[in-house]
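Please look at the sequence and the structure shown below, and keep both at hand while reading. The paragraphs that follow go from the sheet to the overall fold, then to the core, the charged pairs and the backbone.

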Amino acid sequence: KITVRGIKISAKPMYYYMYSAAGKLTKYGKVFTDAFDIDVSIIPRGLYIIKVYDAYNKNVYTEKVTVQ
């Protein structure tokens, strides 16, 4: 799992999108808390980019992660 935390915004819900290094959307979801986990147990190893948007579709978080 990947834990995303430290996003302090009031515009909930937030939406996360996880993209492969090739730009393919791999996983997405809707969350209502400032910290959340993303289950990556069935995702192939590699480099991914996680983008989180607030309820107004404003990008509030972006991070590169490696799934091993």
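In which order do the four strands of the open sheet lie, and is their pairing parallel or antiparallel? In this predicted model, the order is 3-2-5-6, and the pairing is antiparallel. Strand 3 and strand 6, the latter spanning residues 59–67, are the edge strands, since each of them pairs on one side only. From one strand to the next, the twist averages 15 degrees. Within the sheet, strand 2 pairs with strand 5 (residues 46–53) in the antiparallel sense, over six bridges, and Y15 stands opposite Y53 of strand 5. As a general point, the strands of a sheet pair through backbone hydrogen bonds, either parallel or antiparallel.

The protein chain as a whole has six strands and zero helices, so that its radius of gyration of 12 Å, close to the 11 Å given by the globule rule for 68 residues, describes a chain as compact as a globular protein of that length. Along the principal axes, the C-alpha trace spans about 35 × 20 × 15 Å. Buried residues account for 34% of the 68 residues, and among contacts between residues at least 6 apart in sequence, 47% join residues at least 24 apart.

The largest nonpolar core holds 17 residues, of which I2, M18, F36, I38 and V52 touch the most other members. Strand 1, strand 2, strand 4, strand 5 and strand 6 are the elements that give two or more residues to this core. F36 illustrates how parts of the chain meet: when its neighbours within four places in sequence are left aside, F36 is in contact with I2, T3, V4, I7, M14, Y16, V31 and V52.

Which charged side chains pair, and how are they placed along the chain? Side chains of opposite charge can pair when their charged atoms come close. A search of the whole structure finds two salt bridges. In one of them, the side chains of K1 and D37 meet at 3.5 Å, N to O. K1 counts as exposed because its relative accessibility is 69%, whereas D37, at 42%, counts as partly exposed.

K12 forms a salt bridge with D34, and here the closest N and O atoms are 2.7 Å apart. Because K12 lies in the loop between strand 1 and strand 2 (14–20) and D34 in the loop between strand 3 (25–31) and strand 4, the pair ties together parts that are 22 residues apart in sequence. K12 counts as partly exposed at 26% relative accessibility, and D34 is likewise partly exposed, with a relative accessible area of 27%.

Two features of the backbone remain. The peptide bond from K12 to P13 is cis, with omega near 0 degrees, and P13 lies in the loop between strand 1 and strand 2. In the loop between strand 5 and strand 6 lies N57, whose phi is near 65 degrees, a positive value in a residue other than glycine. N57 is exposed, with a relative accessible area of 61%.

Methods
Residues are numbered from 1 along each chain as its sequence is written. This is a predicted model: local features need pLDDT of at least 70, side-chain atom pairs count only at pLDDT 80 or more; totals for chains, interfaces and linings use all residues. Side-chain values use heavy atoms; hydrogens and water are left out. A salt bridge is a side-chain nitrogen of Lys or Arg within 4 Å of a carboxyl oxygen of Asp or Glu. Buried means under 20% relative accessible area, exposed over 50%, partly exposed in between (1.4 Å probe, protein chains only). Two strands pair if DSSP finds at least two bridges between them. Axes are lines fitted to C-alpha atoms, for helices over the stretch in contact, and angles run from 0 to 180 degrees between N-to-C directions. A nonpolar core is a set of buried Ala, Val, Leu, Ile, Met, Phe, Trp, Tyr and Cys residues joined through side-chain atoms within 4.5 Å. Contact means heavy atoms within 4.5 Å. The radius of gyration is taken over C-alpha atoms; the globule rule is 2.2 Å times the number of residues to the power 0.38.
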